[in-house]
Amino acid sequence: MKSVYLQTFGCQMNERDSEIVLGQLFRRGYRPADSPESADLLLYNTCSVRDHAEQRVFGRMGHFKHLKAARPGMVIGILGCMAQEHGPDFFRRNPEIDLVCGTGNLAQVPDLVEAIAEDRAPRLATDRLDAPYALEDAGWRRETWRADITIMVGCDHRCTYCIVPYTRGVERSRASADIVAEVKDLERRGYQEVMLLGQNVNSYGKGLGEDTDFAGLLALLQREAPGIGRIRFTTSHPKDAHTRLFTAMRDLPAVCEHLHLPVQSGSDHILRRMKREHTIGWYLEQIEEYRRLVPDGSLTTDAIVGFPGETEEDFEETVRLFERVRFDAAYLFQYSPRPGTPALKLADDVPVPEKARRLQRLLAVQRAIALDRNRSLIGTEVEVLFEGRSRRAEDRYVGRTRQFKRVIAASTEDLSARTRRVRVTGAADETLLGELI
Ligand code: SAH
Ligand code: SF4
Ligand code: F3S
């Protein structure tokens, strides 16, 4: 029996792709390997979104020569966004690589690997970037109670900094009947939470020839799989997150009260240069509406500091926006120029140390806000779905509220995959402490 070791970089969509690829390989008789060194098949599913993500993979590639020398029969493959982006360059860079497989070709991985094992000739598969979604769930998932479900792939926006449209292709939605069937199957198997994934879940349904939009899909899942207690989704684009979505979040009991709405910058001048297709005024109107309709909802965001042309004043506008909106959490990044993106034409004029300073400043502002917001929950009761034991302490369990707040609580009973009422007794910026009620 052959063994496979697959490591994933990047977003949750990549995690889900990896799960499906592994499932298909297991179905063909592969078993999991304990380490890259002992694997017959070594795969890296890669991310291109920032230079740092790519450097981590390039770092791993430094070992390929050794690995192959020790086990000449091993097959090494690069999958996903970097494969799509760099294609055949990988073979020139590292002749030990046998397979380069882009995001749209992942369904071919098992066949390609078998062909390579047979004739030892390298294979390049990057020609299905915009092809209809073809990954077939082989029924294997990392977890037995929580599941990721890709509902759409690709992106039709063209934010000037972003490489995703070029590594993931145009937007394509999966038929609602297929998604419903997948969720019903999970419900039957006792799953409690599903996370609906897409680069832009709000444009779900575009070009599908169905009436179902994203809010409609949420309602459909609520009706068809009422046993799934929690439905989450990510990511929403501010341009098309509106009342219909917020109303669905209010009215559908399973849909969790958490909205991740990346703002990217607090300056209209920078948003224009980013081609984000929304202004700060629009963003504020949307979240006001969200908070009115979903009063107990949490709000998280992404932002980039040091985008080309970002002045000190632009950056201060971002700080002021953060102070005004008071996000529950934020993923903050320094701008990283990406090959082939429109922003490359703009001078990357914020020096790296200044980008780092702005990042640290915004992180500190956000940390204080998150701490303050979490502290305001002390004394309240929350519903927690527990994931499992805390890595640090045996008798403590970690879970999430519906708002996606991380909670730690002590218990002598195994709380894995259980939902409990918890009273919040303490708070840090990223975690709540609680007691079972
Ligand atoms: N589709 C999602 C997220 C895409 S990538 C959306 O539109 O929100 C996730 C985050 O990475 C982005 O929200 C952005 O904040 C960040 N990001 C993307 N490209 C980047 C770049 N070139 N440099 C720094 N951060 C980037
Ligand atoms: Fe990238 Fe913008 Fe598309 Fe998000 S919406 S994936 S940031 S191009
Ligand atoms: Fe990275 Fe590709 Fe996801 S670039 S963020 S793995 S879509």
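# Close-up views of a predicted model

**View 1. Glu 193 in strand β10 and its pairing with β7.** At 5% relative accessibility, Glu 193 counts as buried, the term standing for under 20% relative accessible area, with exposed meaning over 50% and partly exposed lying in between (1.4 Å probe, protein chains only). The model is predicted, and local features therefore need pLDDT of at least 70 and side-chain atom pairs count only at pLDDT 80 or more, while totals for chains, interfaces and linings use all residues; side-chain values use heavy atoms, with hydrogens and water left out. Residues are numbered from 1 along each chain as its sequence is written, and chains are lettered from A and ligands numbered from 1 in the order in which they are written. Glu 193 belongs to strand β10, where helices (H or I, at least four residues) and strands (E, at least two) are DSSP runs numbered from the N terminus. Strand β10 (residues 193-197) pairs with β7 in the parallel sense over five bridges, two strands being called paired if DSSP finds at least two bridges between them. In this pairing Glu 193 of β10 stands opposite Arg 146, and β7 (residues 146-150) is itself mostly covered, with four of its five residues buried. Apart from residues up to four places away in sequence, Glu 193 touches Trp 145, Arg 146, Ala 147, Ile 228, Arg 230, Arg 232 and Leu 385, contact meaning heavy atoms within 4.5 Å.

**View 2. The residues around ligand 2.** The shell, in which a residue is included if one of its heavy atoms lies within 4 Å of the ligand, comprises Cys 155, His 157, Cys 159, Tyr 161, Cys 162, Val 164, Pro 165, Gln 199, Asn 200, His 237 and Arg 276. By class, six of these residues are nonpolar, four polar and one charged, where Ala, Val, Leu, Ile, Met, Phe, Trp, Tyr, Cys and Pro count as nonpolar, Asp, Glu, Lys and Arg as charged, and the others, Gly among them, as polar.

**View 3. The residues around ligand 3.** Ligand 3 is surrounded by Cys 11, Asn 14, Thr 46, Cys 47, Ser 48, Val 49, Cys 81, Arg 168 and Gln 199. The classes represented in this shell are four nonpolar, four polar and one charged residues.

**View 4. Thr 103 in the loop between β5 and α6.** Thr 103 sits in the loop that lies between β5 (99-101) and α6 (109-119) and is buried, with a relative accessible area of 12%. Between the C-alpha atoms of Thr 103 and Asp 156, which are 53 residues apart along the chain, the separation is 16 Å.

**View 5. The open sheet of six strands.** The strands follow the order β2-β1-β3-β4-β5-β6, and their pairing is parallel. Because β2 (31-32) and β6 (123-125) stand at the edges, each with a single partner strand, one side of each is left without a neighbour in the sheet. Within the sheet, strand β4 (residues 75-80) is joined to β5 over three bridges in the parallel sense, and Ile 78 stands opposite Val 100 in β5.

**View 6. The buried residues of helix α10.** In helix α10 (residues 243-251) the buried residues are Leu 245, Phe 246, Ala 248 and Met 249. These cover an arc of only 155° around the axis, which puts them on the same side of α10, the arc being that of the directions from the helix axis to the C-beta atoms. An α-helix has 3.6 residues a turn, so residues three or four places apart point the same way. The buried residues of α10 pack against α9 (214-224), β11 (230-234), β12 (258-260) and α12 (280-293).

**View 7. Val 325 in helix α13.** Val 325, which lies in helix α13 (residues 312-325), is buried, with a relative accessible area of 3%. Leaving aside neighbours within four places in sequence, Val 325 is in contact with Leu 284, Ile 287, Arg 291, Leu 299 and Arg 373. Of these, Leu 299 is 26 residues from Val 325 in sequence and 9.0 Å away in space, C-alpha to C-alpha.

**View 8. Strand β19 and its partners β17 and β18.** Strand β17 (residues 406-410) pairs with β19 (residues 431-436) in the parallel sense over four bridges, and Ala 409 stands opposite Gly 434 in β19. Strand β18 (residues 419-427), by contrast, runs antiparallel to β19 and is joined to it by five bridges, with Arg 423 opposite Glu 435. The hairpin that joins β18 to β19 passes through three residues.
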